[in-house]
Amino acid sequence: MQDEILLNPWVNSHAEDTDPSVPPDDDKWDFVLVSGIHNAGSEKEIKRKKFLDELSKKGFTIKKIEDKKLFYGVRAPKQIFQKYQHLLGNADGPLQNPEAHHDIAVTTRIRIVNFILQNTVTPDLEKLHDLMKKKVFEAMFPLHEVRLSTRVPGRKSHERRGSKPGRGRPLGNWGCIRTSLDEGHDKPPDSSLGIKAAPIFLCLTNFSALQKEEVRQFLEEKWARWRDIFCQQPIEKIRCYFGEKVALYFAWLGWYTYLLGFAAVVGLVVFVAGITVFSSSQVSKEICEASNTIMCPLCDQHCPFWLLSDTCTYAKVTHMIDNEGTVLFAMFMAIWATVFLELWKRQRATVVTDWDLYGWDEDEEELALELINNLQHEPRKYQHSYFRSTVILLLVLVMIAVLIGIAHALVIYRVIAVALFTQSDFRFLREQANTMAVMTGAVLHYITIVIMTKVNRRVALYLCDLEKPRTFSQRENNFTMKIFTFQFFTNFSSLIYIAFFLGRINGHPGNYVRVAGKWRLEECHPSGCITDLFIQMGIIMLLKQTISSVMEYLVPWVTHKLRKKRQHPKKRRMMLGEEEEAEDPCKRQWLSNYQLNEVNIFSLFDEFLEMVIQYSFTTIFVAAFPLAPLLAFCNNLIEIRLDAIKMMRLCRRMVPRKANDIGIWLQVLEAIGILAVIGNGLVIAITSDFIPMQVYKYTYSPCMTENSTGVDCSTGYINHSLSIFRVQDFEPDTKVPKTLPGFAGDEITITECRYRDYRNDNDYSYTVQFWHIFAARLAFLILFEHVALCIKLIAAWYVPDVPQSVKNKLLERKHSNLRKELSMTVDSTDV
């Protein structure tokens, strides 16, 4: 059952060489609305009819198809697009025929129709958003273009049967044509970054020449395939199909991944260099040979004393990560982050200039769309409420406090886990209690990230609704800042504790800081805490980039298959002599699009957020995890194709949005760059043993005290960094064995043990060396951050945000426009 309401019908202009797999022009629709089959006279049916009547009054053509659901195809009249071009001019390139209805970019067309649908008000003062909340409509989406299905042997898959020169027809919902400044260009030199494009792509829907490539088919075969993982991205065609905002996302992601390759190589070199000193480090040798150094117990009840040499492997791993190369790599990454952003600004300026969007005004376009939809529309004024802002700020602080509290809960878990593991019946758990607590804590941290991500989204949306932003862009920016702030604390609170507080606020034997007066805080390993940070970052990044990526693909794939299976019952067998009923091609197309996974306004936002959080991991704590850029680089190669496959095959078509930059994300990335300098400086100064070791070398080592030149200046560092504690000074409720495990007899009765700190033997106060190291840490931190920030500022000044070629091109355009205006003025004066 189907019926069609034709209001202001368009002129039929069928080409002679029609393709049965491609619907004719009158069967091409801008959007499809899906509704359940409601009872006649029901409230939902009345609301649906009122909304469709409002669209009809605006000149929309509506077609209804009934299946298990009601599908309404809507097509806007050409007058709407003529108004748009009259108000804003044609930003999509020169028109081939201003009177034709195919004279506007498909992405622009979808965007305009979407705006009108979202802002059409019924007599009950309800918009489409309200109707979808009340289940009057279940879905709305623009259609993917129909893929070519007819293939002729000996011809390429993109050539249609019966095509004639000069008679190309648009393929699919609306078409896209490519023209070139140089007729000799057969293929544009699309770069993997989506920046270079000598030919200009005009996303027009009026085909007057033979179409060589159908956009969707090209993207599916040359972009959305795993085999093309190392191939260039066709950014211009992505723009033609999904709009500028999506194209800029992939251009940014491609540029980020490209430069990430350089950081990955340097990080890998630093890591391999650390492996070369795995066994040759003097500090590691001292730990491995310290078979007579007895360490204090790790817990209060029944934990044994242990030998420092038992942690030989852990010490080697620590000094494989914590070496002089770490400092250089941290400085390199601070500079890399600046260069990456400065070069991206240049690339962005180049590409948006080619798109003629450099000076595009978003507010002007939104006002134009409002007037097109309703000529009596009055713009909503800018408003600001100090009271509302104060309330929102307090609520944000409360949410941050909750996230920090969750980080504290993870700390408590680690403390309790260490106590339980050290008392376990399994020898492996007893011996590796600290490592197992760190690893299980990292897994638990990842689980909290997954859960809190959903909570953070709801809270951020609620706070945005309280702010009552004027425009969608303002709402998106406010939401971005809030969700990123919440996600930052969710992801990094535990890492911040490990990097800067672990082992520094736990007290000392005989006077431990305890949780709930019972469990004492965990300590750092004698060789430092940086390995704990390395393990935590490694596990979180691996889990986020493997499990998240797998789920990101599997969930839409499984959902699509299940929906497709439910919507496609088994075909009945044909009776002899029975003719098959012709199926409406629109019905087949609409159903296939409906079976795809739903997209929303945050679909692209989620991709940006995921990459920005990854960028934070890659830069802020990279000094403790030099393999982070390599993991991010490998993940991004997969992420680009994963997103492409989802967008092209598994999800409905996104509503294209116009943009000339990546929006507020650029400010977020710049803030992360500053945090990267601060974070890496703190990691080297506080977490790493680099500063204590340098202080020892140049103040207390044999090289300075004995003028010895034949020994390593690090000799004796471990013994010098361990303090002595008398067993008799343990707290009364502490129960420790009198001997080492595995030995018996009074001959090895323990009276003293060692622990990591710089304290005097008699009163356990800080030694002079502690204050020397404290001053050196502070001095290094100030020096590192000032030098790194100065280099960042110099790099930002040295690399202009806008290339000279772009400036010259804009200058030539202004000059040309002024000359035209002047010539027109002179001509009119002469007349």
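Predicted model: local features only at pLDDT ≥ 70, side-chain atom pairs only at ≥ 80, totals over all residues.
Residues are numbered from 1 along each chain as its sequence is written, and side-chain values use heavy atoms, with hydrogens and water left out. Local features need pLDDT of at least 70 and side-chain atom pairs count only at pLDDT 80 or more, while totals for chains, interfaces and linings use all residues.

**Exercise 1.** Determine how many salt bridges the structure holds, and characterise the one between Lys57 and Glu54.

*Solution.* Start from the criterion, in which a side-chain nitrogen of Lys or Arg lies within 4 Å of a carboxyl oxygen of Asp or Glu; the structure holds 29 such salt bridges. Next, take the pair itself: the side chains of Lys57 and Glu54 meet at 3.4 Å, N to O. Both residues belong to helix 1 (residues 43–57), where they stand three residues apart, about one turn of the helix; helices here are DSSP runs of H or I with at least four residues, numbered from the N terminus. Finally, classify the exposure, where buried means under 20% relative accessible area, exposed over 50%, and partly exposed in between (1.4 Å probe, protein chains only). Lys57 has a relative accessible area of 65% and is therefore exposed, whereas Glu54, with 15%, is buried.

**Exercise 2.** Locate the salt bridge between Glu467 and Lys482 in the chain, and state how each partner is classified by accessibility.

*Solution.* The two side chains meet at 2.7 Å, N to O. This pair links distant parts of the chain, with Glu467 in helix 14 (residues 433–467) and Lys482 in helix 15 (residues 472–500), 15 residues apart. Glu467 is partly exposed because its relative accessible area is 24%, while Lys482, at 10%, counts as buried.

**Exercise 3.** Decide whether Lys646 and Asp643 are buried or exposed, and describe their contact.

*Solution.* Their side chains form a salt bridge of 4.0 Å, N to O. Being three residues apart in helix 19 (residues 628–650), they are separated by about one helical turn. Lys646 and Asp643 are both buried.

Terms used:
Helix = DSSP H or I, 4+ residues; strand = E, 2+ residues; numbered from the N terminus.
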